[in-house]
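Hello,

Here is the structure we talked about handing over. Please open it alongside this note, and then read on for what turned up.

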Amino acid sequence: MTKFKMEVVAAVAAWALTSACTGLPAVRDLVPGLCPRDIDEAQALQSSLSPGAKVYFPGSPEFDDASTRWSTLSPPTVNVVVVAATAKDVSETVKYANRKKLPFLAYNSAHGAITTLGRMKSGVEIYLDQLNTIEVAEDGQTATIGGGALSKHVTDTLWDAGKQTGNLMGPALGGGHGWLQGHHGLVADQFVSMDIVLADGELQTVDAESDLWWALNGAGHNFGIVTSVTTKVYDIEHRDWAIETIVFSGDKVGAVYDAANKHLLQNGTQAADVINWSYWLHDAAADPNNEGVKAVDAKYTQPFHDLGPVAVTPMSGTYKDLAGWTGIALSSPPCQKAGLANPRFPIYLQSYNVEAQEEAYEAFANATRGSSAFNGSLFMFEGYPVQGVQAVDGESSAFAFREAHLLAAPLITYKPDGAGLDKEAGRLGNRLRDILHKASGLCNVRAYVNYAYGNENPKVWYGSAKWRQERLKELKRQYDPLGKFSFFGPIA
């Protein structure tokens, strides 16, 4: 039987939560049979980089490790990997790629699954994982974080220093949702300045005084490679957290989301210290979470207990447990690079339409049950608080969907088996999204670009308002006229 789990994260104090989930090798040793011209060019690139930088080519295990992506559907193709050790290495690599008329693409954790990445053919990967430093300022108000630092590293390091902030670079370039957004806004709303390599290879420090700043908050993938960011950080208010996992059978879908509308979303006024998550999957569970407590307050969970769940499992821990509880930790099965295709089909919603939830659930369950190639798939519903997000002027950034209350996204996971199966997965994901969209009453789909499938368009990713589209295109003409950064949710 297909079951689903409801997750509600709640903080009963005045806070909400944040989501967490050597020497340079010789070229001849990495690529047997590489032609002399290629060796000469690669050695020329190496000579322009710092001693800590690394260059890898196909045929080496280092290349495979650095270039493997989370989703195998329409991935970029890479001919060389440059592992930068400094921001200048990134700059020099971009200049090298431009001279050789090669496309280039920055990698961090390589979890972006949008199919537009497949337009990057035979290019240069700029791997940022060595740019992972984290330094808290003496005044404790900000931290400077390398563009390659992963969220867990950031969370753990700041936690040890008594601080918190949101997830980092990849998500933030598309706005960035997180547990703390009910109080502080999007991840990108916390940024004070960025060091960024532009399309011509120039390294600049950019802040709110620059016209580019507006675009970097929401459409940042189109404008540069961020090598470090200075971001606001906050004192830890509460170290105790709790979550309650509530598992329901499929016949309770309508009742559960009706209760979520009434008792959690409350017509768009969901408490800043409450987050509701739910997953549809086989043999799953459902969770409410609390900050500053050892157990979730019954006022959040009792309406769901009254519906007769299959199982209820309470847990308590710390902020650092949140990613594991909600299945987005580095060690969580959905986050592994297992050679699977992982397309997502996101849509922002204002509330749960009960009839549409029931229709989508039936379609999802029918398509994923039994021996289906898609039986490892998930349907995710993320209900973050929005007070901090909506406190920021909606016209102040390229992120266009501050008014949205919910983020839904089918994740269709499967083992690749030809173009036919890829098309079937696309049909399923788009059908599920269409069911929710038709019931939303909204003219246009609104999609979180970080989760995007790739068949959407700039109006869907960045807002349909004419002034938004015109401003993005003008900044693109100014900062990237040749379209060097046009592989992830391209503006045009």
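**What was found**

The chain has an accessible surface of about 19,000 Å², and carbon and sulfur atoms account for 50% of that. Areas come from the Shrake-Rupley method with a 1.4 Å probe; for residues, only the protein chains shown count as cover. This is a predicted model: local features need pLDDT of at least 70, side-chain atom pairs count only at pLDDT 80 or more, and totals for chains, interfaces and linings use all residues. Residues are numbered from 1 along each chain as its sequence is written, and side-chain values use heavy atoms, with hydrogens and water left out.

**Overall**

The chain holds 16 helices and 19 strands. Both are DSSP runs, numbered from the N terminus: helices are H or I with at least four residues, strands are E with at least two. Of the 492 residues, 59% count as buried. Buried means under 20% relative accessible area, exposed over 50%, and partly exposed in between (1.4 Å probe, protein chains only).

**Aromatic rings**

The search of the whole structure gave 24 aromatic pairs. Rings of Phe, Tyr and Trp (its six-membered ring) pair if their centres lie within 6.5 Å; planes under 30 degrees apart are stacked, over 60 edge-to-face, and the rest tilted.

Take Y348 and F401. Their ring centres are 5.4 Å apart and their planes meet at 45°, so this pair is tilted. Y348 is in strand β17 (residues 347-349), while F401 is in the loop between α13 (387-390) and β19 (406-411), so the pair ties together parts 53 residues apart in sequence. Y348 and F401 are both buried.

There is also a cluster. Ring pairs link Y257, W280, Y352, Y361, F364, F379 and F381.

**Charges over rings**

Two arginines are worth a look. R69 lies over the face of Y107, 4.7 Å from the ring centre. R239 has its charged end over the ring of W159, at 5.0 Å from the centre. The test for a charge over a ring is NZ of Lys or CZ of Arg within 6 Å of the ring centre and within 35 degrees of the ring normal.

**Helix α9**

Helix α9 covers residues 253-265, and its buried residues include V253, Y257 and L265. Y257 also belongs to the ring cluster. After α9 comes Q266, with a positive phi near 50°.

α9 packs against helix α10 (residues 298-305) at an angle of about 155°, with the axes 10 Å apart. That makes α9 roughly antiparallel to α10. Axes are lines fitted to C-alpha atoms, for helices over the stretch in contact, and angles run from 0 to 180 degrees between N-to-C directions. Under 35 degrees is roughly parallel, over 145 roughly antiparallel, 65 to 115 roughly perpendicular, and the rest oblique.

**Loop residues**

Where is G147? G147 sits in the loop between β7 (142-146) and α5 (151-160). G147 is buried, at 2% relative accessibility.

K101 is not a glycine, yet has a positive phi of about 55°. K101 is in the loop between α4 (87-99) and β4 (104-107). K101 is exposed, with a relative accessible area of 72%.

A110 is not a glycine either, and has a positive phi of about 60°. A110 is in the loop between β4 and β5 (123-127). At 7% relative accessibility, A110 is buried.

Best wishes
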